[in-house]
Amino acid sequence: MNRVILLIGLLSLSQLAFAQNDKDSSYTVKDTLKIGGFLIIREPSINTPQEKVLKKVDQWGNTVISYKRSPKKKNKNISTNWWIVDLGFANYRDLTDYTQARAGSYLTFMRPGDPGVSEATTTLNTGRSSNVNLWIFMQRLNISNQVLNLKYGLGWEMYNFRYDSRISFRTSPQPMAFSDSIGFSKNKLFAQYITIPLMININTRPTTNRGLIMSAGISAGYLVASRNKQISSERGKQKYKGDLAMQPWRLAAIGEIGLGPVRLYGSYSLNRLQKEYTRMEQYPYTIGIRLSSW
């Protein structure tokens, strides 16, 4: 009986000594391995290779190597993406009443028997009409948990409206559009805007680039260049520059959607392409691919 009591007492003292050693040391033993003078400690919650190695010497002279998981990198409240490119198709929704429009001064008859400008004359070659945008930057401002953001930027929008018809645009002696007397191998109306987009952005997986991304909003653009470029065997290559009776400001509804690295964008003009006195009602729209890192 005395031997049993003595054994229980020795076990109690040994447990007390181990507890005291743990309390005095600067680490808590979770999973340890001792090799010579090195004591290796591994935290039990580590399950990824992204770990931080810490070394120190304990009070008994052992070199302690511990592994701790590196903290996750937090997204910034404001992130910037430079030099974004859009490549897409352009077209417009034509709501023009051509009977009324031909009664005005903009659609002009240039010769006897001229059929004039009609809906068929202004129909675009959709396969060759393009939209190219170059955004200097876009920024994303965190609103809520990196999931809901405000997205804005600055850049240029460029439209190439291509025609298979003889329609021509001039600014002299007055702004006008008419059906020319010759045919063209290339007939393009070009418009360039400097634009500021503003969108609400939703990012379903803000810690990665693999989630679903959606944005919607508006953009405001100012016309900085426009011209009618034509190529024919009779006249060669010619460019007619000027505002060509286009609206100086452009307001559009815009949106984008992406999954992983693939992003699609689209826009629809809320105001007409030409000025009101032309009596033309054409509302450009675009769709294409956006080359962007987020």
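This text walks through a predicted model of one protein chain, from its overall make-up to single residues. Local features here need pLDDT of at least 70, side-chain atom pairs count only at pLDDT 80 or more, and totals for chains, interfaces and linings use all residues. Residues are numbered from 1 along each chain as its sequence is written, and side-chain values use heavy atoms, with hydrogens and water left out.

Start with the whole chain. The protein chain has 2 helices and 15 strands. Both are DSSP runs numbered from the N terminus: helices are H or I with at least four residues, strands are E with at least two. The chain holds 294 residues, and 39% of them count as buried. Buried means under 20% relative accessible area, exposed means over 50%, and partly exposed lies in between, with a 1.4 Å probe and protein chains only. The accessible surface of the chain is about 17200 Å². Carbon and sulfur atoms account for 59% of that surface. Such areas come from the Shrake-Rupley method with a 1.4 Å probe; for residues, only the protein chains shown count as cover.

Contacts come next. A contact means heavy atoms within 4.5 Å. Take the contacts between residues at least 6 apart in sequence: 67% of them join residues at least 24 apart.

Now look at the largest nonpolar core, which has 23 residues. A nonpolar core is a set of buried Ala, Val, Leu, Ile, Met, Phe, Trp, Tyr and Cys residues joined through side-chain atoms within 4.5 Å. Tyr-106, Leu-107, Phe-161, Tyr-163, Phe-169 and Leu-189 have the most contacts inside this core. Two or more residues each come from strand S5 (78–94), helix H2 (98–102), S7, strand S8 (167–170) and S10. S10 gives the most, with 3 residues. Leu-107 is worth a stop. Leaving aside neighbours within four places in sequence, Leu-107 contacts Tyr-98, Ala-101, Arg-102, Val-117, Ala-177 and Met-280.

Where is space left empty? Rolling a probe the size of a water molecule over the atoms shows this. The search of the whole structure finds 2 cavities of 30 Å³ or more. On a 1 Å grid over the protein atoms alone, a cavity is a set of points where a 1.4 Å probe fits but cannot get out; lining residues have an atom within 4 Å of a point. Grid points are joined across faces, edges and corners, and a volume is the space filled by probe spheres set on the points.

The largest cavity holds about 90 Å³ of space. It has 16 lining residues, and Trp-135, Ile-254, Tyr-265, Gly-266 and Arg-290 are the closest to its centre. Strand S6 (130–144), strand S10 (186–203), strand S13 (249–259), strand S14 (262–269) and strand S15 (282–291) each supply at least two lining residues. S6 has the largest share, with 4 residues. The lining has 6 nonpolar, 7 polar and 3 charged residues. Here Ala, Val, Leu, Ile, Met, Phe, Trp, Tyr, Cys and Pro count as nonpolar, Asp, Glu, Lys and Arg as charged, and the others, Gly among them, as polar.

The second largest cavity has a volume of about 80 Å³. Its lining includes Tyr-159, Phe-161, Trp-249, Arg-250 and Pro-284. Strand S7 (148–162), S10 and S13 each supply at least two of its lining residues. By class, this lining divides into 7 nonpolar, 3 polar and 2 charged.

Turn to the backbone. Most residues other than glycine have a negative phi, and most peptide bonds are trans. A cis peptide bond joins Ser-172 and Pro-173, with omega about 5 degrees. Pro-173 lies in the loop between S8 and strand S9 (176–179). Trp-83, in strand S5, has a positive phi near 55 degrees. Trp-83 is exposed, at 51% relative accessible area. Arg-279 also has a positive phi, near 65 degrees. Arg-279 sits in the loop between S14 and S15 and is partly exposed, at 35%.

Gly-258 is in strand S13. It counts as buried because its relative accessibility is 4%. Gly-258 and Gly-211 are 47 residues apart along the chain, yet their C-alpha atoms are separated by 8.1 Å. Gln-139 is in strand S6. Its C-alpha lies 5.5 Å from that of Tyr-152, 13 residues away in sequence.

Note on methods. On a 1 Å grid over the protein atoms alone, a cavity is a set of points where a 1.4 Å probe fits but cannot get out, and a pocket is an open set with protein on both sides within 12 Å along at least five of seven lines; lining residues have an atom within 4 Å of a point.
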